[in-house]
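Here's a quick briefing to read with the model open beside you. Have a look at the chains, then dig into the points below.

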Amino acid sequence: MQKETVLNGDAVLCDAGNRMLDTKGLSEREILEVVQRGNREAYQEIVVRYMQSAYYVALAFVHNQQDALDISQDAFIRAFRRIKKFDTEKPFFPWFYKILKNLCMDYFKRRQRRNEVPLENVPVLKTEQEDREMKKALWKGIDELPPEQKEIIILRYFRQLSYQEMAEISGKPIGTIMSSLYYAKKRLKGIVGKYLGFE
Amino acid sequence: MEHEKIKELISSYRDGVLSPDQKKVVEAHIAQCESCRKEFEEMGKFEEVMDKMELKKPPKEVWQVYWSSVYNRLERRIGWIFLSIGAIIILFYGGYKAIEGIIQDPTIPLILKAGLLGVLAGLVVLLVSIGRERIFVRQRERYKEVEK
């Protein structure tokens, strides 16, 4: 049975005998090659590395924390089942992201999206009420964007990915990313503008 | 340069993706064009707001047990596979013995035996058909695009 040990508030890798697995010095490609040989424990390194990104991307799409947790874990499980077909010369996350995104899309087909605003209560405007209204309007605006623009906004502002990284993940040229981001920002700026004193 | 094009460049200005020449074009334009300068300032305020947006964080414990949840589900799948195979074997053997008993029972009318065999044949054909369809769909599943 896999054991989880916590050091300094972070999970560390342990095998069934509670010995730490030595993945130090191994590149992602090398770790994935070990995983491809059937080593489930080695997969832990990959999961721990990308679990937060997976969770937050899912949360941005599905709005609910529990569903985001379930979907992100499902995505790791599906990725593991397909890991032998993965080309280890390529980075893991763009490949994994497609699986995750497809699961989020499937989620929408199975159930109605929850109308929650999954944003932290960090004050942005002067009054709490204005703040709440602005965030609700902004989130609704993000949700109503065309799918490609919504995806780019999520990756840019909630995962802080660079244009290059967004291009790799989405498989689109940087010029298209810039254009999608421009139209998305234009629309969202219009929503936020009335709370900031401009239209 | 057209205003719309300049506005598109303004949108990317703070993201650090413009070349030095593109930045100079933007800076030179907004120095002379009030509408684009206003756009530049508004975009700056918009970016400040967006930079403060954060998705809700889960409790820290979630990350500590995240891998355990994934690992347990990976292991459970194997358990379900064994359980399913075992159940199928028991079902088939039990079914075979029951059918054998009915066919060999001389008190049961022939027409009933023929009907039972017909039902069984139909079930087998349906199962094979569903199995073939699933294999056909699996070969064309969308995740194929994420393979090499």
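In which helix of chain A does Ile46(A) lie? Ile46(A) sits in helix H2 of chain A; helices (H or I, at least four residues) and strands (E, at least two) are DSSP runs, numbered from the N terminus. Keep in mind that this is a predicted model, where local features need pLDDT of at least 70, side-chain atom pairs count only at pLDDT 80 or more, and totals for chains, interfaces and linings use all residues. As for labels, residues are numbered from 1 along each chain as its sequence is written, while chains are lettered from A and ligands numbered from 1 in the order in which they are written.

**Ile46(A) and its surroundings**
- Ile46(A) counts as buried because it has 22 C-beta neighbours inside 10 Å (buried means 20 or more other C-beta atoms within 10 Å of the residue's own, exposed means 12 or fewer, and partly exposed is in between, with C-beta atoms placed from the backbone).
- Leaving aside neighbours within four places in sequence, Ile46(A) is in contact with Ile31(A), Leu32(A), Val35(A) and Phe92(A); a contact means that the C-beta atoms of two residues, placed from the backbone, lie within 7 Å.
- Phe92(A) is 46 residues away from Ile46(A) along the chain, yet their C-alpha atoms are separated by 8.6 Å.

**Two domains in chain A**
- Chain A splits into domain 1 (5-110) and domain 2 (128-196), with bounds that come from an automatic or database domain assignment.
- Between them, 6 residues of domain 1 of chain A are in contact with 5 residues of domain 2 of chain A.
- On the domain 1 side, H2 and H4 of chain A each supply at least two residues, and H2(A) gives the most, with 4 residues.
- By class, that side of domain 1 has 5 nonpolar, 1 polar and no charged residues (Ala, Val, Leu, Ile, Met, Phe, Trp, Tyr, Cys and Pro count as nonpolar, Asp, Glu, Lys and Arg as charged, and the others, Gly among them, as polar).

**Where chain A meets chain B**
- Across the chains, 44 residues of chain A are in contact with 36 residues of chain B.
- Helices that each supply at least two residues to chain A's side include H3 (65-81) and H6 (147-158).
- The largest share of that side, 9 residues, comes from H8(A).
- Chain A's side divides into 27 nonpolar, 8 polar and 9 charged residues.

**Chain B**
- Chain B has 5 helices and 0 strands.
- The C-alpha trace of chain B spans about 105 × 40 × 25 Å along its principal axes.
- Buried residues make up 9% of the 148 residues in chain B.

**Two loop residues with positive phi**
- His63(A), in the loop between H2 and H3 of chain A, has a phi near 75°.
- His63(A) counts as buried because it has 20 C-beta neighbours inside 10 Å.
- Gln160(A), in the loop between H6 and helix H7 (163-170) of chain A, has a phi near 50°.
- Gln160(A) counts as exposed because it has 9 C-beta neighbours inside 10 Å.

**Confidence**
- Chain A averages a pLDDT of 84, and 85% of the residues score at least 70; pLDDT is the predictor's confidence in each residue, from 0 to 100.
- Among the elements of chain A, strand E1 (residues 5-7) has the lowest mean pLDDT (40) and H3(A) the highest (95).
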